[in-house]
Amino acid sequence: QVQLVESGGGLVQAGKSLRLSCAASGSIFRLEVMGWYRQAPGKQRALVASITRGGRINYADSDQGRFTISRDNTKNTVYLQIDSLKPEDTAVYYCNAAAAADYRLRYADYWGQGTQVTVSS
């Protein structure tokens, strides 16, 4: 099993920045894609950004410019920097990772418990 623990959420004012972290632990042989999703009240969970082990990044089209995803493979950690926060960024942010437990590289999908980000105007 793999555990993903997010941190860094909270209540912030519009225009400020926030950095979310997600650390993976457990039975990890290799982490492939890691990503961030968010779910606002009454809406479906949606991709914010993802990054492969090799550093290939994908951003949701609406997020480019204010969101920066990065990862530290030595720490099994992925980060999401959010700049110029807007009230519409208010959501629960979830970490996602595809992890393999051994050399057979049978990847399974894991989710964190989510971290609340609330942006006040």
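This is a predicted model: local features need pLDDT of at least 70, side-chain atom pairs count only at pLDDT 80 or more; totals for chains, interfaces and linings use all residues.
**Core**

The largest nonpolar core contains 29 residues. Leu 4, Leu 20, Trp 36, Ile 69, Val 78, Leu 80 and Tyr 93 have the most contacts inside it. At least two residues of this core come from each of several strands, including strand 1 (2-7), strand 3 (18-26), strand 4 (30-39) and strand 9 (91-100). Strand 9 supplies the largest share, five residues. In general, nonpolar side chains of soluble globular proteins tend to be buried together.

Strand 9 is mostly covered, with nine of its ten residues buried.

| Partner of strand 9 | Bridges | Residue pair |
|---|---|---|
| Strand 4 | eight bridges | Trp 36 and Cys 95 |
| Strand 10 | five bridges | Ala 97 and Tyr 110 |
| Strand 11 | three bridges | Tyr 93 and Thr 115 |

Trp 36 and Tyr 93 also belong to the group with the most contacts inside the core.

**Hairpin and surface patch**

Strand 9 and strand 10 form a hairpin, with six residues between them. In the turn, Leu 105 has a positive phi of about 55 degrees. Leu 105 is also part of a nonpolar patch on the surface, together with Phe 29, Tyr 103 and Tyr 107. The accessible area of these residues together is about 440 Å². Tyr 107 lies in strand 10, which spans residues 107-111. Tyr 107 counts as partly exposed because its relative accessibility is 36%, and partly exposed covers the range between under 20% (buried) and over 50% (exposed).

Technical notes
Residues are numbered from 1 along each chain as its sequence is written. Side-chain values use heavy atoms; hydrogens and water are left out. Patches are made of residues with over 30% relative accessible area and no salt bridge: like charges are joined within 9 Å, nonpolar side chains (Val, Leu, Ile, Met, Phe, Trp, Tyr) within 5 Å. Accessible areas come from the Shrake-Rupley method with a 1.4 Å probe; for residues, only the protein chains shown count as cover. A salt bridge is a side-chain nitrogen of Lys or Arg within 4 Å of a carboxyl oxygen of Asp or Glu. Helices (H or I, at least four residues) and strands (E, at least two) are DSSP runs, numbered from the N terminus. Buried means under 20% relative accessible area, exposed over 50%, partly exposed in between (1.4 Å probe, protein chains only). A nonpolar core is a set of buried Ala, Val, Leu, Ile, Met, Phe, Trp, Tyr and Cys residues joined through side-chain atoms within 4.5 Å. Two strands pair if DSSP finds at least two bridges between them.
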